[in-house]
Structures are given as C-alpha cells and as structure tokens.
Amino acid sequence: MTEWVQGFLQLMQPMVLLSLLIGVIAGAVIGALPGLSATMGIAILTPITFWMPADQGFAMLIGLWNSAIFAGGISAILINTPGTPASIASTFDGYALYKQGKGGLALGINVIYSAIAGIISTVALIFFSFPLAKFAVGFGPTEYFALALFGISMMITVSGTSVLKGVTVGFLGLLLSTVGLDPILSVKRYTMGSTDLLAGISFLPVMIGMFGIGEVLSQIFEYKQSQQDREAREKAANLELGRVLPNKSEAKALAAPTFFASLVATVVGAIPAAGGDIASIICWGQARKMSKHPEEYGNGSMEGLAVSCAANNGVIGGALTTMLTLGIPGDSVSAILIGSLTMYGMQPGPKMFTDNKPFVINIMLLMILANVLMMIFGLLTAKASAKVLNVKPQTVWVAVCVLCIVGSFALNNSIFDVIVMSLAGLLGFAFKRGGFPVGPFILGLLLGGMLESNLRRALVLSNGSYAIFVTRPVTLVLLLLIATVFLYPIVKSMVQRKRETT
C-alpha cells in the first residue's frame, strides 16, 4: 500500500499533471480528426517525450492514448465518420442521435462511458497483471521464444482480407529485424559496411514513418473535398447540440450494459492484435441481443452508443496487461509503447514487475488519472469540440510532417534516423496503395529479435536438441495455441466449402 501512496503523490507533481493534460488535449484533437489515429499520435509524440523524465513522458503518452480513442467518437457522432478505427461502431447510433437533435447528449455519453470503461479496465489491469507477472517470472528462453512466436502468429489475424499479403510483409519485418550485429556472436549482418546499421534498424523511426508520413501521403493521394463533406462539417460545428449529461433514469438504464461491455472489452484487449474496433463491434452485437429494445439499435439507441463507447476504451487496460506482463503488444499503440519503455531503459515483461515495480504502479495510476481528466475535459468542451472538425487537412499534413522529421532526428540526433523514417513512410504508403497491411510488418520487426535470440539461447542450453520446446509445459501450450491460430482459418474454410456443396 505504501508503494501505491508514494506513486500517487509522485504523480501529483505539477509537471506530471501538466504533461497528462497536454496529452489529453492533443489526443482529443488527433482523435476527432478523421484520418488521424491514436497510433499516429503516439508514434509522433514518442520522440518528443524522450527528453522528458519517464513519469512526465509516459503521462503525456497515456493521456493521448486514452483521449484519442474517446475523441474518435466525436466525428463518428457529428459527421458519421469515425475519427479512429475503434469508433466504427459509434457511427451506428451516434449519428442517428445527432440527427434527432440529441448531439450534445451523444457527445456526453461518448466521453462519460469511455472514461468509466477505461477505469474499469485499469482496475482489472491492477488485479490481474501482478499475479500473471509472478507466474511468468520463471520463464526461460523456450517460453520467451514461444511468446514471441505467438505474437508473430497474430499477423494472420491482422492481415485483413489477404493472409498471403499479411504473411509476406510480416516476413519482411522479420528480415529487417536481423540487420545489425548477431545477438549471440556479434557477427555483422546486412550492414553493407555502414556503422549506422551496426545497432540494427531502430524501431521508432520506422513506426513514425509508417504511421505518420505514410498516412499523410495516402491522404494526399486520396484527397477529395466534396461540397457535401464541407457542408456536413459546417453543420456539425454550428448546430445547437442540446444537453450533454444523461439524466438519472438514463444513467441507471445504461449502467448494466456498459459494465458488461467494459469487462468483455478488457478480455478482448488482452488478446494480441485484437483492438477497439473488434471489441466495439462484438460488444454492440452482444448488447443488442441482450437488450429489452433491440429494435432501437442502429436507429439512435443511447444504450447502443454507450456500449460501443465503453468497448473503445475498455480495450486499453487489457492491451496494457498483455504488454506489461508478457512483453507482447496487444495492439499497435502498445507496440509503440514497448519501444518507448525501451527508450527509457525498461523492457516490458515479467522482470519489469520486479526491476521497475514503482514505474509499473505509476503507469496504472496514470491510466486512472487520464480517464478522470479526460472525462472532465470532454464534458467541459463537448459542445465546442465540433469546431475541431473545421481544421483544414493541409494544416494537419504539414504539422504531422514537421513533427515526424523533428521527432525522428531527436531520438539520436541522427540524420540517418530521418532517412530511415522517410523510407519507412514511402514503404507505408506503398503498402496502403497495394493493399498490404502494416500490422504484420510491425509485429515482425518488433518481435523478430526476441524470437531469434531466445531460439538460439534455448538451443545452446539443450546442445542443439529441439526436444526442449515440447518438454516444458508452458512452451508446449503456447505452441499448441500457435498451431490453432494457423489451422483455424484452414478448418473454417473447409467447413464453409462443405456447407456450400451440400
């Protein structure tokens, strides 16, 4: 208990609270603008936080993450366009409520139940992460190899419509992770005589380029501003939105379904590669089946909107649980946060709960503070938030490009990192135009080193015998899960074909 009190007092410092507020405000702007995302915001902001103390830097990142996810619902409600992928389900009922003259109430529900779900998922993080980390602290090379392989196997689930394209770019990410010095013998590999490549290809410049420059190039390529779109944005910014807070009876009716959605979203978030978009759609569908008024869903249901908003932010606690305890990213944002922690000299995983326990506690408390601050800020600015939609995309593009260049250079004061970022941006743009998902590439690059180093350490311990991977229970279970991930799509396809022929 003393550690928690000390952690709370540390976070009450003015600079930490200011950093958290800046993150919340930045996240609200980024999330509300269609086309931008929490992933892009975190990728751009991470290099800036490198020059700040760890508690202040992570306060800014945590604030941005939570706020950007909730803010994606602002544009989903006002112009029927999700600001972030996690807000897709918010368009089902949010825009209908707005057209009914209840736009203010919809915006209030969005921020209130996003914040409540974020707090509930954080409580789950607090209760379950420490026992899970205690269990995992005895993991050896075989278990870490299996965990890395399990994380990489998620490239199938994030490949979208084409598994082949996903696997292709995933293996490209794995290949790039081998650049630099060999992890066991320190032999040079693929460095082409460059001293800049001896340490390998830095993860953060690649992330900044792919999610920053790549997204900007894609938006410029696809940019079309129709008269209808301009009118929708102007209408959203100028229309009277009405009351913001739900009344007592409405709040009572929404309590049970949103609590259920928060718990389900926390579990979904803990599954690697499952994000807020998946959780919100799952929770919205399940809540509709359990609702007393399912006919209202999709036609302006306050319950449907509240459930989808709760699912958006409920994912975050689950994703952090997987990231902090096992070192596996639960989603793309937590993948970048792994890089951020590494930047501060910390490695997510079981040992972080023993070597850096005070900072783990700080992260959990920051999550709660971020949601409280997000709720206050969101309610105070609910009616004014529509003005954010009037920001010209050209202004956003210039700002993002400048931040990407400055941020990638600031990591190591290296022009080489800027070059890597630029090339990654072009590669990210090419992926988008070719229909190749970025997620598998990031998984391969992030987990490739962990996979290779632990595979080779395990083989050294077993004198080259692969039997070590099936004689350890946890490793065997993880390998069976990996086999299930690969076999499930094949079995599902075979069953569907059999049904179609009968």
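The lining of the second largest pocket in this predicted model comprises 25 nonpolar, 17 polar and eight charged residues, where Ala, Val, Leu, Ile, Met, Phe, Trp, Tyr, Cys and Pro count as nonpolar, Asp, Glu, Lys and Arg as charged, and the others, Gly among them, as polar. A pocket is an open set of points on a 1 Å grid over the protein atoms alone, reached by a 1.4 Å probe, with protein on both sides within 12 Å along at least five of seven lines; lining residues have an atom within 4 Å of a point. The volume is about 1400 Å³. Of the 50 lining residues, Thr 342, Gln 347, Leu 446, Gly 449 and Met 450 lie nearest the centre. Residues are numbered from 1 along each chain as its sequence is written. Local features need pLDDT of at least 70 and side-chain atom pairs pLDDT 80 or more, totals for chains, interfaces and linings use all residues, and side-chain values use heavy atoms, without hydrogens and water.

The structure holds five salt bridges, each defined as a side-chain nitrogen of Lys or Arg within 4 Å of a carboxyl oxygen of Asp or Glu. Arg 456 pairs with Asp 182, the closest N and O atoms being 2.2 Å apart. This pair links helix H19 to the loop between S1 and strand S2, 274 residues apart. Glu 452 of helix H19 and Arg 189 of strand S2 meet in a salt bridge at 2.6 Å, N to O, and both are buried (under 20% relative accessible area; exposed is over 50%, partly exposed in between; 1.4 Å probe, protein chains only). Through shared partners, Asp 182, Arg 189, Glu 452 and Arg 456 form one network. Glu 143 forms a salt bridge with Arg 472 at 2.7 Å between the closest N and O atoms. Glu 143 is buried at 4% relative accessibility, whereas Arg 472 is partly exposed at 32%.

Ten aromatic pairs are counted, taking rings of Phe, Tyr and Trp (its six-membered ring) with centres within 6.5 Å; planes under 30 degrees apart are stacked, over 60 edge-to-face and the rest tilted. Phe 58 and Phe 359 are edge-to-face, at 5.6 Å centre to centre and 75° between the planes. Because Phe 58 lies in helix H4 and Phe 359 in helix H16, the pair ties together parts 301 residues apart in sequence. Both Phe 58 and Phe 359 are buried.

Notes. Grid points are joined across faces, edges and corners, and a volume is the space filled by probe spheres set on the points. Helices (H or I, at least four residues) and strands (E, at least two) are DSSP runs, numbered from the N terminus.
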